[in-house]
Amino acid sequence: MTTDQTLRLVLLGPPGAGKGTQAEFLCKQFGLAHISTGEILRESVAAGTELGNKAKSFMDAGELVPDELVIELIGERLDQPDCTDGFLLDGFPRTVEQARALKGLLGEMKIDLSHVLELKVASEELLARIARRGDQGSGRSDDNPEVAANRLEVYRKQTAPVTNFYNDFGLVTEIDGLGSIAEVGKRLADKLQSTGA
Ligand code: AMP
């Protein structure tokens, strides 16, 4: 916990849990910088940058981009001035290694996370949601059933342990991710407000 009131959040949850949508909503409501590593990587792929070229094949297969690439990206992003008044990390950290690196980076900046929010959604519902997103033309090359199943598997193996990492610091609050976008958004916002944010 930080002693100041600046919100520095991590939003955890499996693919299809609604992280991106809820992240946008929370960032608007609380005036936070929205940092989505997935978005930054997709932009880098589209722009054909060196980072994008290195990341593309991993993303297309639903695998994680190597830790060192994402950690470097996050280090640069957290240095931007819009992060001073608070930020929300959406899709990072995705491995315990990344969580450790983030702890180090924030330590150097003499700040810490205020909350880790975890969106909980059952896996059958997740696959259905990703399939719907693909059908509705999300434009994401990884929103097809095979890659989606792999993304869930990768989540279980590599990302689920991140929750335990933060549990050890007493930072995690679970939020039920079932329901309408507005309902889930209200649950998240209520949680942040009830903790005096
Ligand atoms: P997302 O939009 O968060 O679902 O991310 C889309 C894809 O980008 C993921 O399936 C990964 O290939 C890659 N990606 C995004 N964030 C990370 C991260 N923190 N670590 C590794 N790969 C990531």
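The largest pocket holds about 1100 Å³ of space. It is lined by 50 residues, and those closest to its centre are Lys19, Gly20, Arg133, Arg140 and Arg151. The model described here is a predicted one. Pockets of this kind are found by a simple idea. A probe the size of a water molecule is rolled over the atoms, and this shows where empty space is left.

Several elements build the lining of the largest pocket. Two strands take part: strand 1 (8-12) and strand 2 (33-36) each supply at least two residues. At least two residues also come from each of helix 1 (19-30), helix 2, helix 6 (123-135), helix 7 (145-167) and helix 8 (181-194). Helix 2 gives the most, with six residues. Sorted by class, the lining has 17 nonpolar, 19 polar and 14 charged residues.

The ligand sits in this largest pocket. Around the ligand are 16 residues. The closest are Thr37, Arg42, Glu63, Gly91 and Gln98. Helix 2, which spans residues 37-47, provides the largest share of this shell, with four residues. The shell is made up of six nonpolar, four polar and six charged residues.

At Gly91, a polar backbone atom lies 2.9 Å from a nitrogen atom of the ligand. At Arg94, a polar side-chain atom is 3.0 Å from an oxygen atom of the ligand. At Gln98, an N or O atom of the side chain lies 2.9 Å from a nitrogen atom of the ligand. The ligand is also well covered: taken alone it exposes 480 Å², and the protein buries 95% of that.

Most residues other than glycine have a negative phi, and most peptide bonds are trans. The peptide bond from Phe92 to Pro93 is cis, with omega near 0 degrees. Pro93 belongs to the loop between strand 3 (87-90) and helix 5 (96-108). The second detail concerns Lys110. This residue is not a glycine, yet its phi is positive, at about 60 degrees. Lys110 is found in the loop between helix 5 and strand 4 (115-120).

Definitions and conventions. Residues numbered from 1 in each chain as written. Predicted model: local features only at pLDDT ≥ 70, side-chain atom pairs only at ≥ 80, totals over all residues. Heavy atoms only, no water. Near = heavy atom within 4 Å. Polar contact = N/O pair within 3.5 Å; in protein donor to acceptor, adjacent residues only side chain to side chain. Areas by Shrake-Rupley, 256 points an atom, 1.4 Å probe, with all protein chains shown as cover. 1 Å grid on protein atoms, 1.4 Å probe; cavity = no way out; pocket = protein on both sides within 12 Å on 5 of 7 lines; lining within 4 Å. Sits in = over half its atoms within 2 Å of the grid points. Nonpolar A, V, L, I, M, F, W, Y, C, P; charged D, E, K, R; others polar. Points joined across faces, edges and corners; volume = space filled by probe spheres on them.
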